[in-house]
Structures are given as C-alpha cells and as structure tokens.
Amino acid sequence: MKTLVLLFIVLTVDKGYCTETGDQVLSITPTTQEQVDIVRNVSTQYETTLWQPVSHQYIKEETTVHLFVPANTSGAVRGLLHKHAINHEVLLANTNELIEMQTKNDSSDPRSSSTFYERYHTLEDIYYWIDRITQDNPSTVKAILIGSSSEKRPLYALKLTLNNRPNKKAMWIDCGIHAREWIAPAFCLWFVHYSLSYYNINQDITSILDNMDVYVLPVMNPDGYKYTWTTNRMWRKNRSVSRSTNCFGVDLNRNFDANWCTEGASPEPCSEIYCGAFPESEPESEAVANFLRSHKNSVQFYLSIHSYSQMLLFPYSCTLEEAENHSDLLEMAQEAAQKIQRYYRNIYKYGAGAKTIYLAPGGSDDWAYNLGIKYSFTFELQDRGSYGFLLPPSQISRACNEAMIAVKTIALKVIEKTQYPTSSPRTA
C-alpha cells in the first residue's frame with residue numbers, strides 16, 4: 001500500500017562516515033517542574049506529536065511522556081533534552097518501517113484470505129467490507145446510514161440481529177473516533193466476524209446475541225482515518241475546517257455535551273483536544289448522538305474502542321464525581337480485567353476515567369451515560385507504549401481477543417442485571 005509518510009534522513013559527514021536517523025518515538029520522564037516546562041515547550045514549539053499524554057497540559061513531574069519526533073527535528077530535540085539532563089530513551093527507532101508494515105495489505109476481500117482480520121485496512125477496503133458482509137448475511141446484518149462526516153463520507157453502523165425475538169435490547173460499539181488508533185476499527189471488524197462465525201458455537205457470544213442486537217460503527221472518524229493513510233499517520237482529530245485559524249479538526253471525544261470544554265479540553269482549534277465550537281458541532285458526533293437518542297430505550301450497553309494503554313474505563317471522565325452505579329461498573333471492569341489476565345497474561349488497568357487517567361470532558365461514554373445508558377465503557381486496547389499507535393499486524397489477533405473477552409464478560413453482566421436471559425450464560 002503506497003503511503004505518503006515521509007522518511008526524513010539526517011546525514012552527518014564526519015571523517016567519511018554517514019549516520020542515518022529516521023523518525024523516532026522518545027520516552028521522556030521529567031523529574032522537576034523546570035524539566036516539565038522544557039518538555040511542554042518541546043512538544044508545542046517543535047515539529048513533534050505527543051502520543052502520551054495527548055496534550056502538553058497533562059505533562060507532570062515523574063510522568064512518562066511518549067513523543068513522536070520526525071528526523072528533521074530529532075537533533076534539536078535530543079540536544080535540548082541532553083542539555084537539561086532530562087531522562088529519555090528511544091522507544092521506537094524505526095517508525096517508518098512499522099508504518100510500512102501496517103499498511104502492507106494483499107487483499108481487500110474478506111473471503112479471499114484467512115488473514116483478512118489480522119491486517120489493517122484502508123477506508124475504501126472497510127466500505128467494501130461493509131458491502132460484502134451485508135450481502136453475504138442479508139438476514140442478520142443490516143447497514144444503517146446514520147449520517148455523514150465533515151467531508152461528506154458516509155457513516156455506516158451495522159446492526160447484527162441473530163434472532164427475531166421481539167423487544168430485544170441492544171448494545172452499541174463505536175471504533176476509530178481518533179484517527180490514528182488503527183487497532184480500533186480492526187477490532188470492530190473482528191467483532192462482527194467473530195459474532196457471525198461463532199453464534200451457536202460459543203456459548204457466551206450466543207447468549208449475548210440471543211438477548212441483544214448489536215450496533216457496530218466501524219469508523220466513526222472516516223475523514224481523519226483516511227488522512228492517516230494518505231498524509232499524516234499521527235493525525236488524531238476529524239478534518240473539519242476552522243473558520244478562525246488555518247488549523248484543521250476537532251477532537252470528537254471532547255465534542256459531546258458532558259461538561260463540555262471544561263478542564264481537560266481546549267477551546268483552541270490548533271489543540272489536539274480542541275472541543276469544537278459547541279457541543280455536537282461536528283457531524284460525526286452529532287450523528288452518533290442523534291442515533292443513540294432515538295434508541296436510548298433499547299441500548300443498554302455503550303462501548304467506545306480506543307488505543308493505546310490497556311485500560312477499561314467507565315464514567316466519569318468529565319468530573320471527579322462517582323457515577324451513580326459506580327460499584328456495578330467497577331465490578332464489571334474488574335472481572336473483565338481479571339479474565340484478560342487469566343487467559344492472556346496481560347495487565348489492564350480499570351476504573352473511572354478521570355481518576356484513572358485525567359479529566360477529559362465532552363467524551364462519548366460520559367454523554368451516553370447521562371443519556372441513560374448506565375453501562376457505558378471505553379476500552380483502551382494494546383499496548384502500553386512498546387509500539388503505541390503503530391501496533392504491528394501480528395499483534396491484532398491477541399489485542400482483539402483480549403478486548404473480546406472483556407466485551408463478553410461485561411455484556412453478560414449487563415444482561416444479568418437488566419433482563420432475564422433467554423439462555424443461562426456461562427462466561428468462559
């Protein structure tokens with residue numbers, strides 16, 4: 001797959017030798033307030049992109065920072081870090097190789113390759129997959145056009161209905177609200193494939209689909225996702241045009257009406273956490289909000305898929321206050337994390353978003369919770385920074401299996417707490 005990501009080469013001629021430096025990700029740990037200020041300055045004044053945390057305002061003493069540094073600024077950035085004795089190391093020295101690995105794709109047809117779901121796919125491939133999956137499963141999968149993006153790309157949610165029981169409840173899963181988090185759309189495709197393949201085979205997914213329809217939005221931010229494939233792999237926001245600046249994009253996960261644009265979001269259009277002109281100013285967030293408002297009596301479980309950091313989060317992220325059913329949400333997330341650890345030997349943190357990470361107002365999960373969907377979660381999938389947003393295709397299967405066991409665990413608990421199941425669920 002041809003990509004426009006540039007490989008910057010720095011050549012230093014010294015006694016006849018050349019050294020070659022590509023784009024890198026640095027892990028930086030400031031230990032004093034002075035160092036914090038320097039790292040914040042580096043992340044805003046130089047041509048760099050923060051991976052973790054997402055904004056310079058979250059950088060604090062003893063907080064590990066993951067910073068993407070293009071080769072053309074690497075010398076200046078590392079020189080500054082050395083000068084001020086700021087602890088840092090190269091986390092990823094070969095980002096361009098990893099991007100090439102992520103974009104390599106031999107087939108866009110899910111029926112022609114057994115490894116289709118273990119690769120990343122372009123937006124065009126995902127639209128083609130939506131057409132194929134609905135054509136191949138006309139009685140169980142329906143594509144619903146819920147709106148369009150800022151650049152007028154369609155937003156398709158798939159409805160999975162595996163039996164015709166009347167008055168069924170539902171769950172909602174959206175993926176790819178942040179463009180660079182490619183493992184998220186990969187999970188949505190994986191989930192649909194798993195559900196269709198293992199219904200009436202796996203007891204847990206059968207019980208879930210017998211009791212719930214599932215709405216799946218594979219790519220909530222199609223414009224941003226497209227941009228990460230063609231122009232800038234590190235892009236996060238959507239691609240709406242600012243009227244006041246030359247900057248593009250709104251953070252869709254700061255654009256919902258949940259303590260909108262308070263501490264943890266920014267009113268500045270150039271910020272990675274720009275909240276937008278007003279709540280639901282963006283057609284993508286408005287489309288999701290309108291759909292959920294019209295289905296709030298049936299949707300009982302809301303889930304938004306993100307990466308990276310391996311966390312199972314629930315409301316609130318927009319305030320330090322606890323949700324009304326905090327103990328239920330905590331119990332569900334804890335059981336899911338324990339299952340992941342038991343079966344996959346991997347650690348996931350869990351808890352309310354604001355207390356587990358930081359304040360993040362305007363999030364979709366908090367908004368859905370306040371709408372009345374009392375089982376609302378955000379999953380941050382693999383990994384913890386070894387590859388970050390550049391998780392290799394070889395890791396997709398494991399990442400999706402971990403997320404799947406968490407989804408099944410929580411969905412079965414939601415069914416148990418809200419309705420009488422048609423069959424007795426057994427978590428495995």
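**Exercise 1.** Does helix 4 pass helix 5 in a left-handed or a right-handed crossing?

Before we start: this is a predicted model, where local features need pLDDT of at least 70, side-chain atom pairs count only at pLDDT 80 or more, and totals for chains, interfaces and linings use all residues. Residues are numbered from 1 along each chain as its sequence is written, and side-chain values use heavy atoms, with hydrogens and water left out.

*Solution.* 
- Step 1: the crossing of helix 4 past helix 5 is left-handed (the near helix is turned anticlockwise from the far one by less than a right angle).
- Step 2: who touches whom (contact means heavy atoms within 4.5 Å)? I126, W129 and I133 of helix 4 meet P185, L189, V192 and L196 of helix 5.
- Step 3: sort those contact residues, and you get seven nonpolar, no polar and no charged.

**Exercise 2.** Find which residues have the most contacts inside the largest nonpolar core.

*Solution.* 
- Step 1: a nonpolar core is a set of buried Ala, Val, Leu, Ile, Met, Phe, Trp, Tyr and Cys residues joined through side-chain atoms within 4.5 Å.
- Step 2: the largest one has 95 residues, with I146, W172, F187, F377 and F379 having the most contacts.
- Step 3: helix 12 (residues 396–418) gives the largest share, 13 residues.

**Exercise 3.** Is Q310 buried or exposed?

*Solution.* 
- Step 1: look in the loop between strand 9 and strand 10.
- Step 2: its relative accessible area is 4%, so Q310 is buried (under 20%; exposed is over 50%).
- Step 3: phi of Q310 is near 60°, a positive value in a residue other than glycine.

How values were computed
Helix = DSSP H or I, 4+ residues; strand = E, 2+ residues; numbered from the N terminus. Contact = heavy atoms within 4.5 Å. Nonpolar A, V, L, I, M, F, W, Y, C, P; charged D, E, K, R; others polar. Buried < 20%, exposed > 50% of the residue type's maximum accessible area, 1.4 Å probe, protein only.
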